[in-house]
Amino acid sequence: MTTFLICLALLVGSYFTYARYLERQFGADPKAAVPSETHRDGVDYLPLPAWKTFLIQLLNIAGLGPIFGALLGAMYGPVAFLWITFGTIFVGGLQDYASGMISLKEGGVSFPEIVGRYMGLTVRQVMRAFTLFLMVLVGAVFMVGPAGILEGFTGLSQSVWVWIILAYYILATLLPIDKIIGRFYPIFGIALFVMALGILGVLFFGPYEIPNLSAASFGNFTANPQGLPIIPTLFITIACGAVSGFHATQSPMMARCVTNERQGRPVFYGAMVSEGVIALIWAAIGMAFWGGTEGLSEALAAHGGNAAWAVETITNTTLGKVGAFLALLGVVVAPITSGDTAFRCARLIAADFLHLEQKHLLKRLYISLPIFLVGVAITLMPFEVIWKYFAWANQVLAAICLWTVTVYLAVRRRHWAMAFLPAAFMTFIVSFYIFIAREGVAMPYYTGLAIGSAITVAIVGTMGWYVRNAWRGRVAASR
């Protein structure tokens, strides 16, 4: 348990240390005007209490990632603790805080517009299309996944649940943010915390032993280490629990609701740390519940890699009937509350580049209906295929966001290296992965490593030149 406790302390401590450093670098000013005041429209730009924006942000970014991803990542062994901890602190936390603060300081603009301002017009156009598609993909994933789980719980067919969830998504996307999201998300967020704290209590006081990281346990304990190498697969498997490009699209949505720039630390960085803690807890119980990583791998293999089954089994066994109810909330409500904000974010992204105000319902409908039609079409694809491409595209988006943050800091002559290094690392991971993954090019490991490394060197070199020019004042934000 020592490794787990150290990682838990590092995560909590980073909120009071590294996050304060980020506040200084981004110049959080409690007296500055914020978009919820300057652009207030009663729909998307609307001031909300800090505690509420924090819980909404947590539910926006949580989805299936910190639970399912952590359980699947736990099959690698205690090395998963390292990625969850240091990924959350230095990569995911930085990305989520930076994307929220940049949007907050620049009128609440959506993620593709932020990228375009610092990476150029061509990149802006590409990112508008890529991010919009990813949002619709996320929405589709988080319709099909929960619908399948609900079919198992209720016996009602998955297709019926898809239409029920879609009806909810339409309402949550079109109505003002305080009508559905602002009212129900805080309740679900508290439930997510209660479930995680219940599991934490089980770890502390139950008959379970969490493996420690040591020379003997520092390795790949999956059933197929050749097919699932730690580098790069672990960093794709555990996404939302460490870093997720999807988060960068959600932070600007809450930037339109915060009432003070100092709220950026609890809302953006605090929500990411909370998600990291939840992922750490689920990775730990995954390793401990079945007596180690080998038992976890065997249990998941026997049930087709079904992480939802693992969550239900753990919570029913350790938390009883209350646990079963909270498990339902965790594996169904969490992804649904990410899916609806994904569609809402898609509407906002389209509205930003079309320059179409969203105060009037009819104009929200113009944008939303085509988005939902595409989302429904995607649900007809096999869930496994959708999920695999989503996971990779998600981390590509994280790399792009981190490069944008690097340029933003360089333009302002701040410590840009803190974003440059994570950006380079994530560029390597996504470049390497797509060449060896079965859903990618499926090359031999070392061939993919060589090509991925070459691509990374080229991108890092190009971005290094661009960042140096930004530092010297030769690159400025474009509107």
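A crossing of two helices is called right-handed if the near helix is turned clockwise from the far one by less than a right angle. With that in hand, welcome to a set of close-ups of this predicted model.

**View 1. Helices H8 and H9 meet in a right-handed crossing.** Here helix H8 (residues 121-154) and helix H9 (residues 158-174) have axes that come within 8 Å and cross at roughly 130°. The two helices, H8 and H9, are therefore oblique to each other. On the H8 side, look for Gly-139, Phe-142, Met-143, Val-144, Pro-146, Ala-147, Gly-148, Leu-150, Glu-151 and Thr-154. Their partners in H9 are Gln-158, Trp-161, Val-162, Ile-165, Leu-166 and Tyr-169.

**View 2. Helices H12 and H13 also cross in a right-handed way.** The contact is made by His-247, Ser-251, Met-254 and Ala-255 of H12, together with Val-267, Phe-268, Met-272 and Glu-275 of H13. Helix H12 spans residues 245-255, and its axis comes within 10 Å of the axis of H13, with a crossing angle of roughly 135°. H12 and H13 are therefore oblique to each other.

**View 3. Ser-274 has its place in helix H13.** Is this serine, Ser-274, buried or exposed? Its relative accessibility is 11%, so Ser-274 counts as buried, the cut-off being under 20%. Leaving aside residues up to four places away in sequence, Ser-274 touches Phe-54, Leu-58 and Phe-193.

View 4. Within H14 (residues 293-302), the buried residues are Thr-293, Gly-295, Leu-296, Ser-297, Ala-299 and Leu-300. Follow the chain just past H14 and you will find Gly-304, which takes a positive phi of about 65°.

**View 5. Helix H5 is mostly covered.** Eight of the nine residues of H5 are buried.

**View 6. Phe-428 and Phe-432 form one of the aromatic pairs, of which the structure holds 25.** Their ring centres are 5.5 Å apart and their planes stand at 40°, so the pair is tilted. Both Phe-428 and Phe-432 lie in helix H18 (residues 417-436), and being four residues apart they are separated by about one helical turn. Phe-428 is buried, as is Phe-432.

**View 7. Aromatic rings gather in a cluster, and two arginines lie over rings.** Which residues do ring pairs link into a cluster? They are Tyr-18, Tyr-21, Phe-86, Phe-90 and Tyr-269. Arg-265 lies over the face of Tyr-15, 4.4 Å from the ring centre. Another arginine, Arg-413, has its charged end over the ring of Trp-471, at 4.2 Å from the centre of that ring.

**View 8. Val-374 sits in helix H16 (residues 361-378).** With 40% relative accessibility, Val-374 counts as partly exposed. Val-374 and Phe-133 are 241 residues apart in sequence, and the distance between them in space is 9.0 Å, C-alpha to C-alpha.

How values were computed
Residues numbered from 1 in each chain as written. Predicted model: local features only at pLDDT ≥ 70, side-chain atom pairs only at ≥ 80, totals over all residues. Heavy atoms only, no water. Phe/Tyr/Trp six-rings, centres within 6.5 Å; stacked < 30°, edge-to-face > 60°. Buried < 20%, exposed > 50% of the residue type's maximum accessible area, 1.4 Å probe, protein only. Lys NZ or Arg CZ within 6 Å of the ring centre and 35° of its normal. Axes fitted to C-alpha atoms, helices over the stretch in contact; angles between N-to-C directions. Parallel < 35°, antiparallel > 145°, perpendicular 65-115°, else oblique. Contact = heavy atoms within 4.5 Å.
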